[in-house]
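Hi,

Here is the structure I promised to pass on to you. Have a look at it first, and then read my notes below.

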Amino acid sequence: MAAPTPLAMHDIWRVFRYLRFYPWHLTANILFNMLAVIANLFTFVMIVPFVEMLFGTAQPVAQLPPFSFDQQTLSVYLTYTLHSLQGKYGLWPCLLGIAAGYLSFSFLSNLCRYMAQFFIGPVRNGIVQRMRDDVYEKITILPVSYVNSRRRGDIISRMTNDLFDIEWGVLTSIISVGKDPINILVFAGTLVFISPRLFLYFLLVLPVSVWLIGLIGKSLRRNSAKGQASLGSLFAVLEESLAGVRAIKSFGQEHVRRVLFGKVNDDYARTMVRVAERRELSAPLSEVLITLGLVFILVLGGLAVMKGEILSSVFVLFVILFARLIPPVQSMVRVYNNLQKANAAATRFFEIMDADESIVEKPNAVRLAGFGEKIAYRGVSFAYQSDSGSELVYVLRDIDLVIPKGRTIALVGPSGAGKTTLVDLLPRFYDCTEGEILIDGHPLVDLNIDSLRAQVGLVSQNCILFNDTVANNIAFGRTDYSMEAVRQAARVAHADEFVEQMPQGYQTNIGDRGLTLSGGQRQRLSIARAVLKDPPILILDEATSALDTESEQVVQQAIEQLMQGRTSIVIAHRLSTIFRADEIVVMDKGRIVERGSHEQLMQLGGLYKKLVDMQSFR
C-alpha cells in the first residue's frame with residue numbers, strides 16, 4: 001500500500017493560502033527561527049572544546065596544515081587554538097570562557113525563539129478568524145434551499161468543530177514548519193559535515209520509517225473524516241432535541257431520543273478511539289526507527305573512534321547533534337498526522353465554501369430605487385432535483401400573475417399547492433427554473449439583491465426573533481432609527497401594550513427565539529419590525545394561522561394597519577382573513593386554477609367554494 005499522495009491533502013493546502021495576508025510576519029518568524037537554530041547549534045559545538053580541555057583528549061599540534069573547510073582540518077585548528085589559550089591563560093579561565101560562550105548562545109537562542117513565536121501569533125489566530133468570517137458570509141449568501149436541505153446541526157458542526165480541528169492542525173503546523181525544517185536542515189547538514197559515512201547509516205532506515213508513517217497517516221485521514229461526519233450527526237440530534245423538547249415530552253419519546261443520541265454518540269466515540277490509536281502510534285514508531293539508526297551509529301562510530309578515524313570528542317558531538325535531530329523529526333511526524341486529521345475537517349469546511357451560489361447578482365446589477373407600478377410573473381415555473389438527481393420535481397408550473405401597486409392579492413389553496421414558494425421567488429430566496437418575474441419592467445435577475453429586498457417586508461407564521469432586546473428586534477438590521485420610531489412601530493402593531501409592562505420595557509431581553517413571549521406577542525413584534533422597515537411590498541405568509549382567536553383579532557388589526565397604502569400578498573388558510581382582498585388567487589398542484597373576488601369565486605363553485613364550505617362546516 002502506497003503512502004498518501006500530495007493530492008490527498010488538497011483541501012488543507014487551500015487553508016494555507018490564507019498565509020498570503022501575513023508576508024512580513026512569516027518572514028520575521030523564519031528569520032528568528034534560523035537565528036535560534038544557529039545559536040542553538042553553537043551551544044552544542046561549545047561542548048567539544050570543553051570536553052577536550054577538561055579531559056586532555058586532544059594532542060598538541062606541532063604545525064598547522066593549509067586551511068580548508070572540512071571537519072578534520074577545522075578540528076586541527078580548534079585543537080591548536082585550545083592549547084595556545086590554555087598555555088597562555090591556564091585551564092580554568094579557558095573553561096570559564098567556554099561556559100560563558102555557552103550561556104550567551106543559549107540566551108540568544110531562546111530570545112530568538114520567543115521573537116519567532118511573537119510574530120507567528122497573529123498569523124495562526126488570524127487565519128482561523130478569516131475562515132470564520134468567510135464561512136459565515138458564505139452561509140448568509142447561500143440560497144434558502146441550501147440551508148433547508150441540510151441538518152442545521154451538521155452545518156453548525158462544520159462551522160465550529162471542523163474549524164477547531166483546522167485551527168489545531170494549522171496552528172501546530174505553522175509553528176513546526178517555521179522552525180523544525182530549519183532544525184532538521186541545519187543539524188543534518190552539520191552531521192554530514194562531521195561524518196558523511198555515519199549519517200549515511202541513519203539514512204538506510206529512513207525510507208522504511210516514511211513508508212510506515214504514510215500508512216498510519218492515510219488511515220488517520222480516513223477515520224478522521226468518519227469522525228467529523230459522526231460529530232455532525234451528533235450535533236444534529238442535539239439541535240433537534242433542543243428545538244423539539246416540548247414535542248418529545250408530550251409524546252413520551254424521551255427514551256427513544258436517548259437511545260438515538262446514545263447510538264450516534266457511541267459511533268462517534270468509537271471512531272475517535274481509532275483516530276487516537278493511529279495518531280499516538282506514529283510518534284513511538286518514529287522514535288523506535290530513529291533509535292535503531294542511533295544504535296547503528298553508536299556501534300559503527302565507536303569502531304571508527306577505536307581505529308583513530310574520528311576524534312572521540314567529535315564523535316560525542318555527532319551523537320549529541322543526532323539526538324537533537326530526533327525531536328524536530330518527531331514534531332514533523334505529528335504535524336503530518338495533525339494535517340491529515342485537519343484535512344478531513346477542511347474537506348467538510350470547503351464543501352460549504354464551494355457550494356453553488358445559485359442566487360447570483362450580476363456585476364452591473366440595477367439598483368431598485370423604489371416600487372412604482374406593478375409586479376409581473378410571466379410563465380414562471382420552479383422545480384428542484386429529486387433525491388436521485390435524475391429528474392426535476394416541479395413545485396410551480398406556468399404561473400402568470402400581475403399585481404398592480406397598492407393592490408392586495410390573496411393566495412389560497414390546499415397545503416403543498418406552492419403558495420409559499422410563489423412568494424419566496426419575489427425576494428429571490430429562490431430563482432425561477434423557467435420564466436421570469438419583473439418589478440416595474442425590470443427582471444429580478446437584473447436587480448441588485450439588497451435594493452430588491454429593501455422593497456419587500458415579510459411577516460410569516462414562524463416569527464424569527466433573536467436573543468436580544470425588544471428594541472433591537474424591532475429595529476433588526478437598522479442603525480438609522482430612533483426610539484420614538486420603534487415605539488411608534490410597536491403602537492401600530494399593537495405591541496406597545498405588553499412591551500411597556502416588561503421589566504426594562506423596550507430594553508428587555510426576550511431570550512432565545514423570543515420564547516419568553518406568547519405566540520401573539522412574538523407575531524406583533526414581527527409586524528412592528530415590518531412597520532419600522534416601511535416596505536412598499538408586503539408579504540404575509542400565514543401570519544395568524546398559529547394564534548388563538550383573541551390573539552388573532554389583535555394581530556389582524558395590526559396587519560390591517562400595516563397593509564394600508566402597500567402592495568400586499570397574503571397567504572392564509574383561514575379564509576375569513578382575506579375576504580376583502582382585491583383579488584383571490586386559488587392554487588392547486590403548483591398551478592393557478594381560479595382567480596377573482598370572493599363573490600365571484602363562490603359563484604364559480606370550484607375549489608375555493610369547497611375550501612370555504614369546509615371551514616364553515618367546522
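Let's start with a term: a salt bridge is a side-chain nitrogen of Lys or Arg within 4 Å of a carboxyl oxygen of Asp or Glu. A search of the whole structure turns up 11 of them.

Before I go through some of those, two notes on how to read all this. This is a predicted model, so local features need pLDDT of at least 70 and side-chain atom pairs count only at pLDDT 80 or more, while totals for chains, interfaces and linings use all residues. Residues are numbered from 1 along each chain as its sequence is written, and side-chain values use heavy atoms, with hydrogens and water left out.

**Overall layout**

The chain has 22 helices and 10 strands. Those are DSSP runs numbered from the N terminus: helices are H or I with at least four residues, and strands are E with at least two. Of the 618 residues in the chain, 45% are buried. Buried means under 20% relative accessible area, exposed means over 50%, and partly exposed is in between (1.4 Å probe, protein chains only). Looking at contacts (heavy atoms within 4.5 Å) with a separation of 6 or more, 78% are between residues 24 or more positions apart.

**Salt bridges**

Which residue does aspartate 446 pair with? Its partner is lysine 362, with the closest N and O atoms 2.5 Å apart. Aspartate 446 sits in the loop between strand 5 (442-443) and helix 15 (449-453), and lysine 362 in the loop between helix 13 (312-353) and strand 1 (374-385), so the pair ties together parts that are 84 residues apart in sequence. Aspartate 446 is partly exposed at 26%, and lysine 362 is partly exposed at 38%.

Another salt bridge joins lysine 609 and aspartate 613, at 2.9 Å from N to O. These two are four residues apart in helix 22 (residues 607-617), which means they are separated by about one helical turn.

There is also arginine 491 with glutamate 484, where the closest N and O atoms are 2.8 Å apart. Arginine 491 has a relative accessible area of 34%, and glutamate 484 has 46%.

**The inside**

In soluble globular proteins, nonpolar side chains tend to be buried together. A nonpolar core here is a set of buried Ala, Val, Leu, Ile, Met, Phe, Trp, Tyr and Cys residues joined through side-chain atoms within 4.5 Å. The largest one has 41 residues, and Ile474, Leu525 and Ile584 touch the most other members. Helix 19 (residues 519-533) gives the most to this core, with six residues. Leaving out residues up to four places away in sequence, isoleucine 474 touches several residues, including Val486, Tyr506, Leu525 and Leu532. A second, separate core has 31 residues, among them Ile399, Ala417, Leu444 and Val456.

**The outside**

The chain exposes about 31800 Å², and carbon and sulfur atoms supply 59% of that (Shrake-Rupley method, 1.4 Å probe; for residues, only the protein chains shown count as cover). Phenylalanine 107, found in helix 5 (residues 91-141), is exposed at 59% relative accessible area.

**Cysteines**

How many disulfides are there? The count comes to zero, taking a disulfide as a pair of cysteine sulfur atoms within 2.5 Å. Cysteine 112 is buried at 5%, whereas cysteine 432 is partly exposed at 23%.

Enjoy exploring!
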